[in-house]
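Please look at the structure first, then read on.

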Amino acid sequence: MKLITKADKIKNILTNWMRQYPDSKHDITRKLRGVITEDEISNIIGNASWTYNPCYECESDCEVVVQIGQEPDYDSCTTNVCLKCLREAVVMATPLVSSTMPH
Ligand SMILES: [Zn+2]
């Protein structure tokens, strides 16, 4: 499991962008230097995909999600879930678990 935060996506935008687009003279790369907000990033890149931090249960764009499952890959079994949905999952499963587990 691993925490994925929107704050980290914003903080690491230049590193993440250059991993995919290594040309440091690229127009967007130059504009991304020193940006600090999600809106700035979206305006420069032209969409919000680089800071979008989805929960795949409720489909919200979240500040924090927990990544569960296999290391993400093309055909991996991996999902990202927000804290609200994790709490709901625990509440849903707890009566079943506590009735079958020794105390
Ligand atoms: Zn959720």
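K84 sits in helix α5, residues 83–100. Helices (H or I, at least four residues) and strands (E, at least two) are DSSP runs, numbered from the N terminus. K84 counts as partly exposed because it has 13 C-beta neighbours inside 10 Å. K84 and E57 are 27 residues apart in sequence, yet their C-alpha atoms are 9.9 Å apart in space.

**Model and confidence**

The model is predicted: local features need pLDDT of at least 70, side-chain atom pairs count only at pLDDT 80 or more, and totals for chains, interfaces and linings use all residues. Residue numbers start from 1 along each chain, as its sequence is written. pLDDT is the predictor's confidence in each residue, from 0 to 100. The protein averages 92, and 94% of the residues score at least 70. Confidence is highest in β2, at 98, and lowest in α5, at a mean of 87. Where pLDDT is low, the predicted coordinates should not be read in detail.

**Overall form**

The protein has 5 helices and 3 strands. From the N terminus on, the elements run β-α-α-α-α-β-β-α. The C-alpha trace spans about 60 × 25 × 20 Å along its principal axes. The radius of gyration, taken over C-alpha atoms, is 18 Å, whereas a compact globule of 103 residues would have one near 13 Å. That globule rule is 2.2 Å times the number of residues to the power 0.38. Of the 103 residues, 11% count as buried. Among contacts between residues at least 6 apart in sequence, 42% join residues at least 24 apart. A contact means C-beta atoms, placed from the backbone, within 7 Å.

**The sheet**

The 3 strands form an open antiparallel sheet in the order β1-β2-β3. β1 and β3 are the edge strands, each pairing on one side only. The twist averages 35 degrees from one strand to the next. Here axes are lines fitted to C-alpha atoms, and angles run from 0 to 180 degrees between N-to-C directions. Two strands pair if DSSP finds at least two bridges between them.

| Pair | Residues | Bridges |
|---|---|---|
| β1 and β2 | 2–5 and 64–69 | 4 bridges, antiparallel |
| β2 and β3 | β3 is 78–82 | 5 bridges, antiparallel |

Q67 in β2 stands opposite K2. Q67 also stands opposite N80 in β3. The bridge partner of V66 is V81 in β3.

**The core**

Which residues make up the largest nonpolar core? C55, C62, V65, V81 and C82 do, 5 residues in total. Such a core is a set of buried Ala, Val, Leu, Ile, Met, Phe, Trp, Tyr and Cys residues joined through C-beta atoms within 7 Å. C55 touches S60, C62, V65, N80, V81, C82 and C85, leaving out residues up to four places away in sequence.

E59 lies in the loop between α4 (38–45) and β2. Most residues other than glycine have a negative phi. E59 is not a glycine, but its phi is positive, about 65 degrees. Is E59 buried or exposed? E59 is exposed, because 9 other C-beta atoms lie within 10 Å.

Notes: A residue is buried if 20 or more other C-beta atoms lie within 10 Å of its own, exposed if 12 or fewer, and partly exposed in between; C-beta atoms are placed from the backbone. Two residues are in contact if their C-beta atoms, placed from the backbone, lie within 7 Å.
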